[in-house]
Amino acid sequence: MTLQQLKYVIEVAGRGSMNEAAKRLFISQPSLSNTIRDLEDEIGITIFERTNKGISLTKEGAEFLSYARQVVEQAELLENRYLGAKPSPQHFSVSTQHYAFAVNAFVNLVREHGQEEYELALRETKTYEIIQDVKTLRSEIGILYLNEFNAKVMGRLLKDAGLVFNSLFTAKPHIFISIHNPLAKQSIVTIDQLHEYPYLSFEQGEYNSFHFSEEILSTLSHPKSIRVNDRATLFNLLIGLNGYTISTGVLSADLNGNEIIPVPLDCGESINVGWICHKDAVLSKLAIAYVEELKRATTE
């Protein structure tokens, strides 16, 4: 087993494609494929599942990848310290539901730990895709919530994918509304008071089940309802249409300005927001640092 082989595995996993990885590594695709097959034969596991639709990490491959990253990181530290080698670009990816605090933590991560070169990814995406991204290690970390309603279904999906949920904080539901909304002056609002306002929620694509909704109370009917794909559009509609959405109440004025405010919602629900990762994963340095930034962003 060589460092070069480990770097090849990391590149293939990050690109999700032998062809794309080969281009980045400046070698032929057959050569890359053969090198990884030789490694698999040597260590006695299958790292990548190969199908007509492409490649994906096996369960054993995901565990191997987490250790490979640690070994390569440590080797680069030695090279940088004693050989004066140029540091390799840092790599880290996170997939998240549409939370401002996740973006705020990402900004702080880059400011604190970014080198001259890095390749990072922040994916605000659908709930099911977050689970798939972390399962296949397209992202090291995913951010989503659990509550009494979705915990059984989500828990089974996470277990089947070999993932674990780590709680960040538990919040009481709030609505996000414009400061110009008539409800903005209230200390708390009821569900009945919301009926005349447009309800905004995030589209979940083909997995538009109530259990995958980013908003709690997803089974309630709404006379006015709009689905969107991104947070910027949702915030614009909150302001332009006096709409509302239901979330944790955690906002970042630095990133989102002061036009949107949280107001507590009068209901008995709670929202347990946390991060997911592979249960056997050894997190990279940047992943560990990002979790710490998440904690800061949600407690300040």
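**Helix packing, a pocket and cavities**

Me: Which hand is the crossing of α1 and α2, left or right?
Reply: The crossing of α1 and α2 is right-handed. Handed how? Helices here are DSSP runs of H or I with at least four residues, strands are runs of E with at least two, and both are numbered from the N terminus.

Me: What kind of model is this?
Reply: This is a predicted model, where local features need pLDDT of at least 70 and side-chain atom pairs count only at pLDDT 80 or more, while totals for chains, interfaces and linings use all residues. Residues are numbered from 1 along each chain as its sequence is written, and side-chain values use heavy atoms, with hydrogens and water left out.

Me: Back to α1 and α2. At what angle do they pack?
Reply: At about 125°, with the axes of α1 and α2 8 Å apart. Helix α2 covers residues 18–25. Axes are lines fitted to C-alpha atoms, for helices over the stretch in contact, and angles run from 0 to 180 degrees between N-to-C directions.

Me: What does that make the pair?
Reply: α1 and α2 are therefore oblique to each other. Under 35 degrees counts as roughly parallel, over 145 as roughly antiparallel, 65 to 115 as roughly perpendicular, and the rest as oblique.

Me: Which residues make the contact?
Reply: α1 brings Y8, E11, V12 and R15, and α2 brings M18, E20, A21, R24 and L25. Contact means heavy atoms within 4.5 Å. By class, that is five nonpolar, no polar and four charged residues. Nonpolar means Ala, Val, Leu, Ile, Met, Phe, Trp, Tyr, Cys and Pro; charged means Asp, Glu, Lys and Arg; the others, Gly among them, are polar.

Me: And α1 with α3? How far apart are the axes?
Reply: 10 Å, at an angle of about 115°; helix α3 is residues 29–43. That makes α1 roughly perpendicular to α3. Their crossing is left-handed.

Me: Which residues touch there?
Reply: Q5, Y8, V9 and V12 come from α1, while L32, T35, I36, L39 and E42 come from α3. The contact has six nonpolar, two polar and one charged.

Me: What about α2 and α3, at what angle do they cross?
Reply: Roughly 105°, and their axes come within 9 Å. That makes α2 roughly perpendicular to α3. M18, N19, A21, A22 and L25 of α2 meet Q29, L32, S33 and I36 of α3. Six are nonpolar, three polar and no residue is charged.

Me: New topic. How much space lies in the second largest pocket?
Reply: About 300 Å³. It has 13 lining residues, and G16, I55, S56, T136 and R138 are the closest to its centre. On a 1 Å grid over the protein atoms alone, a pocket is an open set of points with protein on both sides within 12 Å along at least five of seven lines, a cavity is a set where a 1.4 Å probe fits but cannot get out, and lining residues have an atom within 4 Å of a point. Points are joined across faces, edges and corners, and a volume is the space filled by probe spheres set on them.

Me: Which element gives the largest share of that lining?
Reply: α1, with four residues. α1 (3–15) and β2 (54–57) each supply at least two. The lining has five nonpolar, four polar and four charged residues.

Me: How many cavities of 30 Å³ or more?
Reply: Four. The largest cavity has a volume of about 140 Å³. It is lined by 17 residues, and H98, Y99, F176, F202 and S247 are the closest to its centre. α5 (100–113), α8 (231–240) and β10 (245–247) give two or more residues each.

Me: And the second largest cavity, which residues line it?
Reply: K59, A62, E63, G162, H278, K279, D280 and A281. About 70 Å³ of space lies in it. Helix α4 (residues 59–82) gives the most, three residues.

Note on methods
A crossing is left-handed if the near helix is turned anticlockwise from the far one by less than a right angle, and right-handed if clockwise.
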